[in-house]
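Subject: Handing over a structure

Hi,

Here is the structure I promised to pass on. Please open it alongside this message.

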Amino acid sequence: MKYGLLIRAGFWFSSKSIREWPVLMCGLSLPLLALCSYAVEKMKIYFHIPEWIMFVLHFAISTSSILYPVYVIMRVQPALIFGINLMLFSITYWMKLVSYAHTNYDFRCLRQESKKDEATVDAQQYDYPQNISLKGLAYFMVAPTLCYQVSYPSTNRIRKGWVFRQVAKLLIFTGLMGFIIEQYVNPTIQNSQHPLKGNYLYAIERVLKLSIPTLYVWLCIFYTLFHLWLNIIAELTYFGDREFYKDWWNARTVEEYWKSWNMPVHRWMVRHVYFPCLRKGISRDGAVFISFIISGVFHELCIGIPCHMFRCWAFLGIMFQVPLMILTDYLHKRFQSTMVGNIIFWVFFCIVGQPISVLLYYHDYINQNSSHFKG
């Protein structure tokens, strides 16, 4: 009623989108790095190259999956949405490459141990090096999982009607998300001030006004990504493990939320960060802290690189979860209530945290671009 219909004619597609073709080509060329990882593993089998050389080669390959998209984004300066999608895709690829290299290294270690003392080891070990195949690697790279295994639970058919319905829902909720952003989020942030530089009462009013539409957008992102998109990919690849999330909305503590919100990333962190840290003698709390540092860095990359600025708001937001975890865990034990921690999670993370982050990045982005134009 106040602004009228704000959806622009070029909302779905614009002629300017054609200029983003280097971003598309970058994303399509990233699978070549998986072939490089495959070649490195084959070199280990045939030429018995030392493990330290394997580490250097895999490190160079996986790092390239981040640096290459970063270079393209900084050079091309695409639209924000294209840059964020490319960074999300590249980080996903990086995590898959790390898991592929790390898991095969563990297989080699198990194989050496079994040769020394003839101990009984995981049955998957006996498939090494037969598991090093292009078919297995290609399946892993497209499957909706970040943790490499020799085999996965599978289904025996594709439900075409079910896939069609999920795709229809995906399009509807993507459009709804875009409508909320264009109609409600953009006008609110455009009529706001920097939350750290203006009137604090006005900033609080803007944050509260933003809290509902940003919460709806966040829920739409969760539904389209974890419930629709990943299930569509799983159905098309006959992938049987569909536990992409748990009931995070009922989390009694912030720690429970992070264990149930994004199961593919959680499992990757546990396997490739948390347990290796424990094996190195690092305490449980230290391993959790390192996991949050890695998560914070990648959250910052996803936003900072497409915005061409580093303000560390995303990183600080992730690291702020650590004291919140301690607080909610203490309150849960102190009052023996499932409600206290859940209320704190919804208030700090969903109602206050996300609108503040949106305002901080928006105003820093606008100020940076205006200074460039003036220069």
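Below is what I found, from the whole chain down to single residues.

**Overall picture**

Please keep in mind that this is a predicted model. The protein chain has 375 residues, and 43% of them are buried. Its secondary structure consists of 13 helices and zero strands. Read along the sequence, the pattern is therefore α-α-α-α-α-α-α-α-α-α-α-α-α. Among contacts with a separation of 6 or more, 73% join residues 24 or more positions apart. The accessible surface is about 21100 Å². Carbon and sulfur atoms account for 67% of that surface.

**Annotated segments**

The UniProt entry is unreviewed. Residues 215-239 are 88% helix and 0% strand. The end C-alpha atoms of 215-239 lie 30 Å apart. Residues 343-362 are 100% helix and 0% strand. For 343-362, the distance between the end C-alpha atoms is 27 Å.

**The second largest pocket**

The second largest pocket has a volume of about 610 Å³. It is lined by 22 residues. Closest to the centre are Phe55, Phe59, Val98, Ala101 and His102. Which helices supply at least two residues each to this lining? They are H3 (51-76), H4 (80-117), H9 (263-279) and H10 (284-307). H3 gives the most, with nine residues. By class, the lining has 14 nonpolar, five polar and three charged residues.

**His272**

His272 sits in helix H9. Is His272 buried or exposed? It counts as buried, because its relative accessibility is 9% and the cut-off is under 20%. Leaving out neighbours within four places in sequence, His272 contacts Ser99, His102 and Thr103. One of these partners, His102, is also among the residues closest to the centre of the second largest pocket. His272 and Met95 are 177 residues apart in sequence. In space, their C-alpha atoms are 9.3 Å apart.

**His299**

The unreviewed UniProt entry annotates His299 as "active site". His299 lies in helix H10. How accessible is His299? Its relative accessibility is 35%, so it counts as partly exposed. That class runs between the 20% and 50% cut-offs. Neighbours within four places in sequence aside, His299 is in contact with Ala314 and Ile318. Please treat the annotation with care, because such entries may be inferred rather than shown by experiment.

**Glu235**

Glu235 belongs to helix H7, which covers residues 200-236. Its relative accessible area is 2%, so Glu235 is buried. What does Glu235 touch, apart from residues up to four places away in sequence? Its partners are Arg157, Ile158, Arg159, Trp162, Val163 and Arg242.

**Where to start**

I would open the second largest pocket first, with its volume of about 610 Å³. Then go to His272 in H9, and on to His299 in H10. Finish with Glu235 in H7.

Best wishes

Technical notes: Residues are numbered from 1 along each chain as its sequence is written. This is a predicted model: local features need pLDDT of at least 70, side-chain atom pairs count only at pLDDT 80 or more; totals for chains, interfaces and linings use all residues. Side-chain values use heavy atoms; hydrogens and water are left out. On a 1 Å grid over the protein atoms alone, a cavity is a set of points where a 1.4 Å probe fits but cannot get out, and a pocket is an open set with protein on both sides within 12 Å along at least five of seven lines; lining residues have an atom within 4 Å of a point. Grid points are joined across faces, edges and corners, and a volume is the space filled by probe spheres set on the points. Helices (H or I, at least four residues) and strands (E, at least two) are DSSP runs, numbered from the N terminus. Ala, Val, Leu, Ile, Met, Phe, Trp, Tyr, Cys and Pro count as nonpolar, Asp, Glu, Lys and Arg as charged, and the others, Gly among them, as polar. Buried means under 20% relative accessible area, exposed over 50%, partly exposed in between (1.4 Å probe, protein chains only). Contact means heavy atoms within 4.5 Å. Accessible areas come from the Shrake-Rupley method with a 1.4 Å probe; for residues, only the protein chains shown count as cover.
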